[in-house]
Amino acid sequence: MAISKPKKPRYKAMPKAPKMNASKEAWANYNKKVNEIQKINNTLKADFDKKTRAYESEMKQREKIKEKARNAKL
């Protein structure tokens with residue numbers, strides 16, 4: 001089975017900040033949106049990191065097997 005290196009995820013962009021003289025509600029809504037997007041992006045990053053670690057672990061195992069076979073030749 002061929003194994004491929006995981007691709008970096010495409011993160012969601014942060015929303016545009018309101019003007020400094022915007023209402024308190026506008027800033028509260030902006031903060032809520034930022035928190036939601038950060039949660040999504042952190043989930044994507046964690047999933048990517050998990051897949052990357054699994055890929056690297058598999059590659060190390062394969063290298064060990066190759067090294068073992070190389071040393072076993074008579």
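Helices here are DSSP runs of H or I with at least four residues, strands are runs of E with at least two, and both are numbered from the N terminus. This is a predicted model, where local features need pLDDT of at least 70, side-chain atom pairs count only at pLDDT 80 or more, and totals for chains, interfaces and linings use all residues. Residues are numbered from 1 along each chain as its sequence is written, and side-chain values use heavy atoms, with hydrogens and water left out.

**View 1. The whole chain.** The protein chain has 1 helix and 0 strands. Its radius of gyration (taken over C-alpha atoms) is 22 Å, well over the 11 Å that the globule rule (2.2 Å times the number of residues to the power 0.38) gives for 74 residues, so the chain is more spread out than a compact globule. Along the principal axes, the C-alpha trace spans about 80 × 20 × 15 Å.

**View 2. Helix α1 from end to end.** How far does α1 reach from its first C-alpha to its last? The answer is 71 Å for its 49 residues, 24-72, close to the 72 Å expected at 1.5 Å a residue. That expected span is 1.5 Å times one less than the number of residues.

**View 3. The buried residues of α1.** Buried means under 20% relative accessible area, exposed over 50%, and partly exposed in between (1.4 Å probe, protein chains only). In α1, the buried ones are Val 34, Ile 37, Asn 41, Phe 48, Thr 52 and Tyr 55. As a reminder, an α-helix has 3.6 residues a turn, so residues three or four places apart point the same way.

**View 4. Zooming in on Ile 37.** Ile 37 sits in helix α1 and counts as buried because its relative accessibility is 11%. Leaving aside residues up to four places away in sequence, Ile 37 touches Lys 12, Ala 13, Met 14 and Pro 15; a contact means heavy atoms within 4.5 Å. Ala 13 is 24 residues from Ile 37 along the chain, and their C-alpha atoms are separated by 7.7 Å.

**View 5. Ser 4, before the helix.** Is Ser 4 buried or exposed? Ser 4 lies in the segment before α1, and at 59% relative accessibility it counts as exposed. The C-alpha atoms of Ser 4 and Asn 71, 67 residues apart along the chain, are separated by 27 Å.
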